[in-house]
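Colleague: Before I use this model, I would like to go through how its summary values were reached. Could you show it to me?

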There are 2 protein chains.
Amino acid sequence: MNDPDWSLYRTFLAVCRTGSLSAAARDLGLTQPTVGRHVDELERLLRRTLFTRSPQGLMPTDAAVEIRPYAESLATTAAALLRQVSGGLERVEGIVRITASDVIGIEVLPPILAQLQAAHPGLVVELSLSDLVEDLLHREADVAVRMTRPVQDALVIRAVGEIELGLHAHPDYLTRAGTPETFADLARHRMIGFDRQTAFVRMATAEMRRLNPGFSTVEQIGWHYRTDNNLAQLAAIRAGAGIGFCQTRLAERQPRLQRVLPDLRYPLPTWVAMHEDLKSSPRCRATFDALVEGLQDYIGGGTGGR
Amino acid sequence: MNDPDWSLYRTFLAVCRTGSLSAAARDLGLTQPTVGRHVDELERLLRRTLFTRSPQGLMPTDAAVEIRPYAESLATTAAALLRQVSGGLERVEGIVRITASDVIGIEVLPPILAQLQAAHPGLVVELSLSDLVEDLLHREADVAVRMTRPVQDALVIRAVGEIELGLHAHPDYLTRAGTPETFADLARHRMIGFDRQTAFVRMATAEMRRLNPGFSTVEQIGWHYRTDNNLAQLAAIRAGAGIGFCQTRLAERQPRLQRVLPDLRYPLPTWVAMHEDLKSSPRCRATFDALVEGLQDYIGGGTGGR
DNA sequence: TCGGGGTCATTCATTTTTGAATGATTGCTC
DNA sequence: GAGCAATCATTCAAAAATGAATGACCCCGA
């Protein structure tokens, strides 16, 4: 049995993603008959039907679903290879892909990255913002800012300190609704919080209770403005919708945002991580270092160290 | 800039591995001019010289060395894809790749795997024996038998108990040199042990000292027959070269191998691991289960559990 | 019921890729 | 130093892959 040509996998993946031969052809810069022939040949070589040709488009079969993750992996690796080769071996240039949470990526990273790029005009930054952690081992990203300690081997990780979360509100809201003085007061306020009870939220709630014994839990307080999107929470606070959590350093930067119950604190330990092999890549190394330094600055003389 | 065709990476990798266009062509089932053209095109698309054409063969450039790991990763993924598709979705058949240490693979696994294959004639087993842990996340292997606890996420792991190591010798040796009665006696014996001071050996030495306070360390005993190959150690013990460590259950099976200082024990915790995604693959699941059961039997009603 | 926009399959000429053959060069052996 | 067995580069004809064009089909909305 002959191995399929690797490019067939790329075509296969495009068809999986788009759901049609024509769309895949457009993405790949090929034509629809070519894509169709690629699929045919892959099916022949693998001895599997990959798509059932129904008139309303192609339906991937079980076999297609099964091998798709492998094709995705091929794609991320190929993309990583191109990023790697995009930069020289001495100078800080080329493409670096960074993954971070949306709040960090939008509120914290821009000045850090702008300064980095000012120093290295040849550097192109790709920002992938999501709470789904992209896999550094599979090179889905080159450098990551994480709020959970990366457990995988073969990663260079650096703790940059703890980002502190605290309750904040807009002065407009506080003049209207009053300023809470005790944890118990919060029960009478409009609280901004999470929508779903994700694993992170449950963990955070438990930790919050541990750190701040007087703080009532979700059940007792009740949340009036719920969203899982951290940026939306921040926007709600800014708009005077109520009291919610945001990063204290972030709030300090905002023109008019006031801290509420300053004793309540929730530290978010933060790491920067990248694959070991990328240490020797100037662009990744420089980005890593800039992120570490920038975040430590942001946190305010963080603990640093490994 | 156009993306290079993924098959160019495969050709590139073959050239890296073989060191010549002709050899790569033979491996790939292509011809030498084709391989040369592929390399040319990849160099053109990446804007990098990958090989310096010297008369005495091709020398990979720094750029080639840099991207080779990515090409290797592509190759392992493609291989994993083919293994995946080699089996059906319901029946236990196709190719399963297992990695284990050499002693386990040669002395322990054969009957387990033979029984597994007897039950499932369509199952093809690939055994990769090495102390280098192949990366399950990158699908270098489907199932692994490990002596260290796998730390990576996204793995299904199962503790199968502790394999006990003990000192053993051939009766011929013992009649010739006497049977040691105390740890101190070992100093007067021919000891079989490791060659280099690897991280594992250092750790094992420390652990050994902790578990068996009276046991002298390497420095005090002195090793007279040194090899890092565990099979070679076992062979030396069998040949009556002296006293060395081997698995007690293994020694029991040998026709004539006698335990020495039975109080001395060194338990080797053992795990079976595979990638989470492969749980739904019958061939991997069956292999995983068979290995767990077989190893628990081997250990002798091991502790089991997770 | 009738287009319009989308899909995929088929055909055929064109382009591209490939392989066989050949030549040039090197390293090794005798 | 000649002969042999490698290597890679080049050439040219054959094979393969591709794309444009066309036709058939389906869904959707008028």
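Colleague: How many positive and negative charges does chain A have, and how far apart are their mean positions?

Modeller: In this predicted model, chain A carries 34 positive and 36 negative charges, and their mean positions are 2 Å apart. Lys and Arg count as positive and Asp and Glu as negative, whereas His and the chain ends are not counted.

Colleague: How do you know that the two copies are related as by a two-fold rotation axis?

Modeller: Two copies of a chain are related by a rotation about an axis and a shift along it. Here a rotation of 180° with 0.0 Å of shift along its axis superposes chain B on chain A, with an RMSD of 0.1 Å. The two copies are thus related as by a two-fold rotation axis.

Colleague: Why do you say that the copies meet through the same surface?

Modeller: Because 100% of the interface residues of chain B are also interface residues in chain A, the copies meet through the same surface.

Colleague: What makes a residue of chain A count as buried, and what percentage of the residues does that cover?

Modeller: The cut-off is a relative accessible area under 20%, and buried residues make up 52% of the 306 residues in chain A.

Note on methods:
Residues are numbered from 1 along each chain as its sequence is written. Chains are lettered from A and ligands numbered from 1 in the order in which they are written. This is a predicted model: local features need pLDDT of at least 70, side-chain atom pairs count only at pLDDT 80 or more; totals for chains, interfaces and linings use all residues. Side-chain values use heavy atoms; hydrogens and water are left out. Buried means under 20% relative accessible area, exposed over 50%, partly exposed in between (1.4 Å probe, protein chains only). The place of a charge is taken as NZ of Lys, CZ of Arg, CG of Asp or CD of Glu. Copies are superposed by least squares on the C-alpha atoms of residues with pLDDT of at least 70 in both. Contact means heavy atoms within 4.5 Å.
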